[in-house]
Amino acid sequence: VTVYLVGAGPGDPDLITRRGAAILARADYVVIDRLVDRRLLADVPCDSIIVEVGKVPGQPELSWAQDDISEMLIALGRTGVTVVRLKGGDPFVFGRGGEELRALRNAGVAVEVVPGLSSAFAVPALSGIPVTSRGLSSQVTVVSGHDPSAVEWRHLGPGDRTIVFLMGSAHSAVLAQCLIDEGWPPHTDVAITESGSWASERRTHTSIAGLLTEAVRSPAVIVVGAVAALVDRAYVSAGVDGLGTVSALVD
Ligand SMILES: C[S@@+](CC[C@H](N)C(=O)[O-])C[C@H]1O[C@@H](n2cnc3c(N)ncnc32)[C@H](O)[C@@H]1O
């Protein structure tokens, strides 16, 4: 194997898998997304080469095209060096990891997938929210909020369910309105975790009605449903310097 598609987890470097960390520690090249926490690079060999790719929202001229990323991985993979394609969360959850895997396989490059903790489940968990919970929620749906018009809202009506929105910051008010239109009571609990497990983490407890006006800063996980009421009211963030800093829940 020469190319490893590695899930970095939500940010905190302790939340990458042991396999992911071990491969990272012997990488010749690390190809990283904008959203990957730089603390994860602390144990990369000092002579390895870091290539930052990924997309900058609203700035296509600063963003890499997916085909170019795949081509670079193929070209590097063919040289036989150890290439780590490090992606936030899990590479296969809204991460385009599947496309990169296909491109590498089609090109005959040996590749291994190392799953990661997806922010969809890990960020709510770190915030004290069980995405399913007996008596409160019997199912969970992870939805991209990137384009609300592409969501099949009729499958997301009210009930004992949890909806987890990723990429929903820019359209949070539209998402809230669509939920209300679908029959969700406006007082339904909503928890927002911005920059989960990063030093700048911020948690907010609100309602669907509150989401109509709440400014949500990317990256954020938005949890809708009764379980969102369980969000921890205060938390300790490890911070970049490893010193504990206490942040209060904005309510
Ligand atoms: C392109 S998706 C990639 C998801 C990733 N593959 C995963 O499994 O977590 C990016 C979105 O993930 C969410 N996200 C990723 N890391 C996050 C974090 N540390 N805190 C909050 N949201 C995060 C945000 O919704 C962000 O817009």
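Author: Happy to. Let's begin with a cysteine: C178 is buried, with a relative accessible area of 17%. Keep in mind that this is a predicted model.

Reader: Thanks. And C46, is that one buried or exposed?

Author: C46 is exposed, and its relative accessible area is 85%.

Reader: How many disulfides do you count?

Author: The count comes to zero disulfides.

Reader: OK, on to the ligand. How many residues surround it, and which are the closest?

Author: There are 19 residues around the ligand, and the closest are P10, V93, S119, G196 and A220.

Reader: Nice. What does the backbone of P10 do there?

Author: One of its backbone N or O atoms lies 2.8 Å from a nitrogen atom of the ligand.

Reader: And how far are the polar backbone atoms of V93 and G196 from a ligand nitrogen?

Author: For V93, a polar backbone atom is 2.7 Å from a nitrogen atom of the ligand. For G196, a polar backbone atom is 2.7 Å from a nitrogen atom of the ligand.

Reader: Which residues of α4 are buried, and what covers them?

Author: A120, A122, V123 and P124 are buried in α4. The cover over the buried residues of α4 includes β6, β7, β8 and β10. After the helix comes G128, with a positive phi near 85°.

Reader: Back to β10. Why would you call it largely enclosed?

Author: Because five of the five residues of β10 are buried, the strand is largely enclosed by the rest of the structure. Both of its faces are covered: A220, I222 and V224 are buried on one side, V221 and V223 on the other.

Reader: So what makes side chains end up on two faces like that?

Author: In a regular strand, side chains alternate between the two faces of the sheet.

Reader: How do β7 and β8 pair with β10?

Author: β7 and β10 run antiparallel and are joined by three bridges, with V224 in β10 as the bridge partner of I163. β8 and β10 also run antiparallel, joined by five bridges, and V190 stands opposite V224 there.

Reader: What about V190 and β9?

Author: V190 stands opposite T206 in β9. Strand β8 (residues 189–194) pairs with β9 in the antiparallel sense over six bridges.

Reader: Last topic: what does the parallel sheet look like?

Author: It is an open sheet of five strands, ordered β3-β2-β4-β1-β5. β3 (49–52) and β5 (111–114) are at the edges, each with a single partner strand, so one side of each lacks a neighbour in the sheet. Four bridges join β2 (residues 29–32) to β3, and V30 has I50 as its bridge partner in β3.

Reader: Which helix lies across its strands?

Author: Helix α2, residues 66–78, lies across β1 (3–7), β2, β3 and β4 (83–87), and runs at about 155° to β4.

Key
Residues numbered from 1 in each chain as written. Predicted model: local features only at pLDDT ≥ 70, side-chain atom pairs only at ≥ 80, totals over all residues. Heavy atoms only, no water. Pairing = 2+ DSSP bridges. Helix = DSSP H or I, 4+ residues; strand = E, 2+ residues; numbered from the N terminus. Buried < 20%, exposed > 50% of the residue type's maximum accessible area, 1.4 Å probe, protein only. Contact = heavy atoms within 4.5 Å. Disulfide = S-S within 2.5 Å. Near = heavy atom within 4 Å. Polar contact = N/O pair within 3.5 Å; in protein donor to acceptor, adjacent residues only side chain to side chain. Axes fitted to C-alpha atoms, helices over the stretch in contact; angles between N-to-C directions.
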